[in-house]
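I opened a new entry for this chain.

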Amino acid sequence: MKNPLLMSLMLACGLVSSGFALAGSPANPTPPPAEMQQMMKMYTPELRQKVMALSPETKATLQKLHAGHTRRAKETTLRQVMQEILSEYQSVAAALATDNAEQAAEAARRLANHRIPKGGLLPYFPLDKINDRDLAVLPAMNAVVEGSALKLADAADAGDLRAAASHMSDIMTGCVACHQKFRGTPGISANLMTPLPR
Ligand code: HEC
């Protein structure tokens with residue numbers, strides 16, 4: 001494993017997560033940070049309860065992840081933001097294929113600083129994933145996707161498109177990892193008798 005980021009992602013997703021200590025207890029909830037409290041006003045009582053039960057560490061981590069992004073959406077959902085992120089990724093690919101270092105760097109930075117959807121990330125995750133153990137993988141996924149995008153941008157700025165291109169697969173590894181954990185099969189139909197084959 002030559003890439004420490006990918007290593008940490010794998011550890012976070014699999015081996016380590018099973019042994020995570022659950023610091024928070026529903027009986028003794030710590031108030032969430034200010035921005036999260038604002039977001040929580042939009043949440044259903046069920047989701048709010050799940051978020052309140054998170055440990056102070058998880059709350060702080062989520063707050064840090066949100067705060068690391070300067071752009072906020074008003075009405076845009078996570079799925080729409082994801083489509084934006086995909087567009088940026090495709091823009092980077094087009095730029096690399098056409099020796100356009102400036103386009104590559106700018107699109108990669110926009111990808112890394114994607115907008116935070118209405119209500120943050122949590123409302124769009126399955127409710128049963130709103131717990132300390134499952135959410136503990138988020139920083140590693142963030143580091144792989146956004147950290148690699150920023151490295152790609154720096155390499156493009158330095159005129160090293162070969163190095164820039166090498167980060168594309170790291171970014172996509174992070175997309176795939178998060179989807180496997182937090183997203184179901186896209187576009188599943190309620191009008192089919194059997195689940196779609198995977
Ligand atoms: C933090 C976890 C996470 C990361 C990282 C992530 N995604 Fe997603 N993505 C999701 C979730 C959750 C959904 C489902 C959202 C919904 O349907 O409400 C989703 C949905 C999508 C969709 C819409 C398809 C659909 O209908 O479900 C696209 C396109 C997408 N992601 C692209 C990407 C790309 C490209 C990357 C990497 C550059 C990426 N995502 C990284 C969590 C993530």
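I counted the elements of the chain and got 10 helices and zero strands. Here helices are DSSP runs of H or I with at least four residues, strands are runs of E with at least two, and both are numbered from the N terminus. From the N terminus on, I read α-α-α-α-α-α-α-α-α-α.

I noted that this is a predicted model, where local features need pLDDT of at least 70 and side-chain atom pairs count only at pLDDT 80 or more, while totals for chains, interfaces and linings use all residues. Residues are numbered from 1 along each chain as its sequence is written.

I checked confidence next. The chain averages a pLDDT (the predictor's confidence in each residue, from 0 to 100) of 87. At least 70 is reached by 83% of the residues. Residues 10–28 fall below 50. That stretch still has 28 contacts in the model beyond near neighbours in sequence; a contact means C-beta atoms, placed from the backbone, within 7 Å.

I looked at packing. Of the contacts with a separation of 6 or more, 80% join residues 24 or more positions apart.

Conventions: Two residues are in contact if their C-beta atoms, placed from the backbone, lie within 7 Å.
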